[in-house]
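Subject: Structure handover

Hello,

Here is the structure for you to take over. My notes follow below it.

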Amino acid sequence: MTAPDISELQESLLAEVASADSLDALEAVRVSALGKKGAITAQMKGLGALDGEARKEAGQALNRVKDAVQAAIGARQAALDAVALEARLAHETVDVTLPPRPRLEGHLHPVSQVTEECIAIFGEMGFTVAEGPDIEDDFHNFTALNIPPEHPARQMHDTFYLNPPDDRPAPVLRTHTSPVQIRTMETSKPPIRIIAPGRTYRSDSDATHTPMFHQIEALVVDETTHMGHLKGCIIDFCRAFFDIPDLPVRFRPSHFPFTEPSMEVDIGCSREGGELRIGNFGEGADNWLEIMGSGMVHPKVLEYGGIDPTKYQGFAFGMGIDRIAMLKYGIPDLRTFFDADIRWLRHYGFVPLAVPSMVRGL
Ligand code: DAH
């Protein structure tokens with residue numbers, strides 16, 4: 001084959017590549033040029049008939065054609081791929097402003113549901129809802145709650161510490177909702193009657209502990225509040241929440257740095273057959289389940305909150321929202337609360353518009 005023939009072959013193949021308007025067409029061109037029976041392949045086979053110098057020259061010329069055609073095919077393929085992608089993206093556009101299809105209807109998470117139930121019950125008793133930050137300073141999370149730096153209770157909290165921005169003690173992810181007691185006392189005057197539901201954090205994880213969980217705190221402060229009020233309030237709450245009018249409630253002496261005296265609260269239950277059930281199982285039944293900590297606010301805590309302990313006194317309690325949700329709705333593993341599994345939520349979730357109230361029921 002002479003030089004002009006070769007350059008003609010190259011030109012015509014490049015023209016075919018350029019006019020290939022789909023990946024299939026391009027593949028056909030490739031086969032017709034470089035395939036087993038392709039034009040270039042045929043020329044390669046013909047080289048054997050030439051001798052010496054002529055064969056070498058023709059071979060080099062053919063290789064240049066082959067390289068040029070291969071490069072052109074590669075470039076054309078990239079261009080066609082880009083066009084195909086554009087077309088696909090245009091076709092698959094999602095209009096995120098469209099309303100969800102009815103089957104995607106959401107459910108209320110049990111934590112939200114139980115929080116609302118608690119707010120409904122305590123709201124009826126005259127409590128309002130207070131809030132505090134998830135990232136707390138050492139003073140509000142510990143010191144002002146009568147937990148000084150060297151106090152062993154600090155170790156028991158498995159605290160997440162953050163990097164300190166300056167030379168003050170490191171901020172923490174609050175280990176309980178009790179700091180909201182201090183924040184409320186700092187900003188309001190007695191009479192105080194608040195609940196504070198919210199997220200809390202401890203470095204702990206198993207079937208009944210997750211690094212993030214929820215608590216609800218209660219604080220009452222005025223001049224005459226006494227332990228009878230504490231007991232009445234907690235007993236009423238437990239019976240309303242579990243919807244068991246004769247639910248046994250027991251107060252057991254305990255210790256918390258921020259209350260004096262302190263009590264843990266147990267409710268009646270049965271563990272017969274390995275199954276935990278909450279309720280009144282009659283005279284002589286002696287099965288108890290701890291559900292919260294409580295006590296009369298320690299005078300030092302009132303003082304830290306800027307309230308005169310010689311004039312005012314109060315009670316407080318705190319409990320795990322996730323824990324009472326597990327008990328009330330029979331959810332065995334706490335970790336599943338935070339798996340974001342839509343099937344779990346369909347099973348344990350609540351219809352969004354059925355807002356709990358004491359009148360219409362929880
Ligand atoms: N803050 C305690 C905890 O996380 C719970 C608690 C106990 C809160 C007694 C209270 C209380 O307000 O009086 O374990």
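Pro-332 is exposed, with a relative accessible area of 61%. That is over the 50% cut-off for exposed, which is why it gets the label. Pro-332 lies in the loop between α11 and α12 (342-348). Its C-alpha atom is separated from that of Ala-207 by 8.0 Å. Along the chain, Pro-332 and Ala-207 are 125 residues apart. Please keep in mind that this is a predicted model.

The loop between α11 and α12 also holds Ala-340. Ala-340 is not a glycine, yet its phi is positive, near 55°. Ala-340 is exposed, at 77% relative accessible area. Helix α11 itself has buried residues: Ile-321, Asp-322, Ile-324, Ala-325, Met-326 and Leu-327.

**Domains**

The protein chain is divided into domain 1 (3-92) and domain 2 (110-348). How far apart do the C-alpha centres of domain 1 and domain 2 lie? The separation is 76 Å.

**Aromatic pairs**

The structure holds 12 aromatic pairs. In one of them, the ring centres of Phe-122 and Phe-237 are 4.7 Å apart and the planes meet at 5°. The pair counts as stacked because that angle is under 30 degrees. Phe-122 sits in helix α5 (residues 110-124), and Phe-237 in helix α9 (residues 227-242). The pair therefore ties together parts of the chain that are 115 residues apart in sequence. Phe-122 and Phe-237 are both buried.

Phe-122 also forms an aromatic pair with Phe-317. This one is tilted, with 5.8 Å from centre to centre and 45° between the planes. Phe-317 is in strand β10 (residues 313-320). Here the two partners, Phe-122 and Phe-317, are 195 residues apart, so distant parts of the chain are linked. Phe-317 is buried, as is Phe-122.

Which residues do ring pairs link into a cluster? They are Phe-122, Phe-127, Phe-237, Phe-241, Phe-242, Phe-315 and Phe-317. One of these rings, that of Phe-241, has Lys-328 over its face. Lys-328 is 4.4 Å from the ring centre.

The largest pocket has a volume of about 1,200 Å³. It is lined by 45 residues. Closest to its centre are Arg-202, Phe-213, Gln-215, Glu-290 and Gly-320. Several elements give two or more residues to the lining. The helices are α7 (153-156) and α11 (321-329). The strands are β5 (212-222), β6 (249-256), β7 (259-270), β8 (277-278), β9 (288-297) and β10. Which element gives the most to the lining of the largest pocket? It is β9, with 6 residues. By type, the lining of the largest pocket divides into 19 nonpolar, 17 polar and 9 charged residues.

The second largest pocket has a volume of about 160 Å³. Its lining is made of Asp-137, Asp-138, Phe-139, Thr-143, Pro-165, Asp-166, Arg-168, Pro-169, Ala-170 and Pro-171. These residues divide into 5 nonpolar, 1 polar and 4 charged.

**Backbone points to check on screen**

There are cis peptide bonds to look at. The bond from Pro-190 to Pro-191 is cis, with omega near 0°. Pro-191 is in the loop between α8 (179-187) and β4 (192-201). The bond from Glu-260 to Pro-261 is cis too, with omega near -5°. Pro-261 is found in strand β7, an element that contributes to the lining of the largest pocket.

Then there is Asp-243. Its phi is positive, about 55°, although Asp-243 is not a glycine. Asp-243 lies in the loop between α9 and β6. Is Asp-243 buried or exposed? Its relative accessible area is 64%, so Asp-243 counts as exposed.

Over to you.

Best wishes

Methods: Residues are numbered from 1 along each chain as its sequence is written. This is a predicted model: local features need pLDDT of at least 70, side-chain atom pairs count only at pLDDT 80 or more; totals for chains, interfaces and linings use all residues. Side-chain values use heavy atoms; hydrogens and water are left out. Domain bounds come from an automatic or database domain assignment. Rings of Phe, Tyr and Trp (its six-membered ring) pair if their centres lie within 6.5 Å; planes under 30 degrees apart count as stacked, over 60 as edge-to-face and the rest as tilted. Helices (H or I, at least four residues) and strands (E, at least two) are DSSP runs, numbered from the N terminus. Buried means under 20% relative accessible area, exposed over 50%, partly exposed in between (1.4 Å probe, protein chains only). A charge sits over a ring if NZ of Lys or CZ of Arg is within 6 Å of the ring centre and within 35 degrees of the ring normal. On a 1 Å grid over the protein atoms alone, a cavity is a set of points where a 1.4 Å probe fits but cannot get out, and a pocket is an open set with protein on both sides within 12 Å along at least five of seven lines; lining residues have an atom within 4 Å of a point. Grid points are joined across faces, edges and corners, and a volume is the space filled by probe spheres set on the points. Ala, Val, Leu, Ile, Met, Phe, Trp, Tyr, Cys and Pro count as nonpolar, Asp, Glu, Lys and Arg as charged, and the others, Gly among them, as polar.
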